[in-house]
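Here is a short note for a colleague opening this structure for the first time. The points below go through confidence and then the contact between the chains.

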Amino acid sequence: MNTLMIQARDGAKLACHRYCPEEGLDTYARLLFLHGGSFNSRRYANIAKACVKSGFEVILCDWRGHGNSEGTPGTCDYVGQLEDDISDTISWFEQRQPLPLILGGHSSGSVVCLRYIEKYGQDKLSGCYFIAPAISNTLEPLRFDAPGSKKSFMMNYWRKKPSYHPAPESSLKHIPKMNNRKFLLALVLPFLRHRTVMRFPGSAKMAALEGRVLNYSFNLMASVSIAKYSKAFRQIKVPIALICGESDEILHPSFLPTVAQWHLPPTLDKEVYMLPKLNHMSVLSGAARVLPQWLAQRWVKSAVPQAQEEHLVEQVG
Amino acid sequence: MSKYNKQGCLFRLLLTDQQLPNQQELQGFEQEQCYINGYLTNEQAICAQLKIESGNQQALLNAALKRWGDKVNKHLCGDYVLVWLNGEQLLVTSSARASFTLYYQQHNGLALATDLSHLSHQVEGTLNQEQLLQALTLGPLAGKYTCFDHISQLQSGETLIWQLQQTIKLSHQARLSHAEQLILAQDNNQPTAEPIAIRVTDDIDLTELFNQMPSLAHRLGEPVMDVTLAHFDNIVQASEANSLLLDDSWLTARNMIDERSFYQGYSWCKGILKPPLLKQRDQLKKFQQQLTTTFEAAQNEQRESLSFSQWLDLHYVIPAWCQILQRICQHHGKTLINPYIGSKQLMNLVMQADNQPTAYFSLQQVSLANIYDAMQRLFHVGEPDTLKLFNLNPAITARLVRRQTDLPRRVEQLSVILLTFDYLARFHPGRLN
């Protein structure tokens, strides 16, 4: 593994940890991986190693202000800066060594990828994957009801919420807390958009040791949210994998199968992996198992059945 | 087995006026050859009558067509559609009470397909709003028209002949009467088939069922009319046999129309319909009156002892329902053998018709698959094409959803049609404009 510092359009240096297959072996495609909110790339080395073994180059990207990347921790200059950073990273690698590119990430990292696809399109992508995408703008993707969800449901749908399921204590350690008052103030007063509006659970001491960022500003929080996820998913035209643990604390277990059936095009090459007994973080170990398989079935030549090969040829054409 | 079946249940024919001089090149269609989709039940008797070696269905069909021409469906019993290219004529016909379907479009040429989606992909079929309003208010009824303008359906017991000369021209159109169809469909010598699983709603995974609907709508090429169809699709997919014997539990789930709701029509869901659909009210009224007149005439002629809703059920609701079930089976490469084709079984079914079956989804369910929540979410993501026709705003959808307690099945059907319509509008925008 080697770490590259890539210059973004505003001059900030972004850390990319590059894992390459051993010399002399074929490299079938390049995987760009975005970590989840609050974390950094350190936590995802197992996925990178598993994919490299299958013949894929993996780039683990630290968001600005996270891990080894430059930038103010917990904020960004404007909403949407993270997808601009992805675009700069993709261009940088493309200029040096073009390879089919597969974009994806975990949790909020998936949402940033989705935002990138919505903004920049998929011309440069050959595939994408989303591991437990933390889509939290609307009510239906969530497994548990937030304290204000009854009111929110009533405001959105003009009727009483038929049920209310608050998150159990054990799940709260993964769910960030939003300060609604500060959020609304930042919404109205732009100069407050660098101040903290959301906090991830965890002790500051442990966070410092792990290199985590616990406090998020309005700008950063909005950069990892997507208002119309269905519209973004609908645009996807490249093979897609959706991976989630059945015990995920954030996502409703029906959400990804529903996205795949209702929001992705009917003829798209799509795969949903619902992994039993895994939660929002432990799904990473499961993803390290299924993601290389999914990649190999589509991009490793020797493993590609005839029909899929034709599909790939069509895509290249 | 016929040539048709060997081709894997896929049948398409596209003719343009320019192609006419070279008819032999019509996508592998051979002159004087009959193509069948479906099965015969009196094959042996016809073989004996025509003195043809038993087991050679192709020879039998060709000979039957030559002998009886446009009257062939009066002699061949079973459940089928036939296509015959003969010199400068194209003949299509279907059996009495056929569940197999054939769609055609005569507009800048002639196109035929057993599958609506194949046809609507090939030709530019715009949405038939009148049919959409009819489907929303009355549910699926057997008839000539589809939810696309210019695309028609060969009705059961109907025979059409086109002359393929300088221009393509429909030269013959005839249909067996309802009574004739009931008599002809008496033959019970049906092919052997594995009974399909009984419809049981207790242990269904509702989320899976909910998620089955978009794919079904995509395959059918039109909105899904009822959740039962997605359930049936699931069962057919899971079954391993190629021929499935229909169980009456799937027929009792059909959309029954009582006399009161027939005349009240769209009034219960009027709020959700926008002017383009509301404009079709007069057409709907005309259609309702036409059905009433046909019923009265049938009563006078045959002194049928059926009420209007039973008559409607027998001749319009059950055939339409069987046709959709057959289409679902065909999409899985399977054939549905319908034992409820003879008048005795049909009459039992019609007389036993109870109240509306219960809805699958309930407001009390705690699930993402709650169709009512899903319908309301459409307000946020509804496609412009859907929003042109429906008032999908929280106030109106909430009012409608609240009616779920008194009209559970109807609200569910409306929701399913709306959701799958929106899905099709999202991924096939050109076809539903």
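1. pLDDT is the predictor's confidence in each residue, on a scale from 0 to 100. Chain A has an average pLDDT of 91, and 95% of the residues reach at least 70. Over residues 303–317 of chain A the value is below 50, yet in the model this stretch has 18 contacts (heavy atoms within 4.5 Å) beyond near neighbours in sequence. Where pLDDT is low, the predicted coordinates should not be read in detail.

2. This is a predicted model, in which local features need pLDDT of at least 70 and side-chain atom pairs count only at pLDDT 80 or more, while totals for chains, interfaces and linings use all residues. Residues are numbered from 1 along each chain as its sequence is written, chains are lettered from A in the order in which they are written, and side-chain values use heavy atoms, with hydrogens and water left out.

3. At the interface, 24 residues of chain A are in contact with 28 residues of chain B. The buried area (accessible area, 1.4 Å probe, that two parts lose on being put together, summed over both) is about 2,400 Å². Carbon and sulfur atoms give 61% of that area. Tyr157(A), Arg159(A) and Trp262(A) supply 33% of what chain A buries against chain B, more than any other three residues.

4. The rule finds three salt bridges across the interface of chain A and chain B (a side-chain nitrogen of Lys or Arg within 4 Å of a carboxyl oxygen of Asp or Glu). Arg159(A) forms a salt bridge with Asp373(B), at 2.4 Å from N to O.
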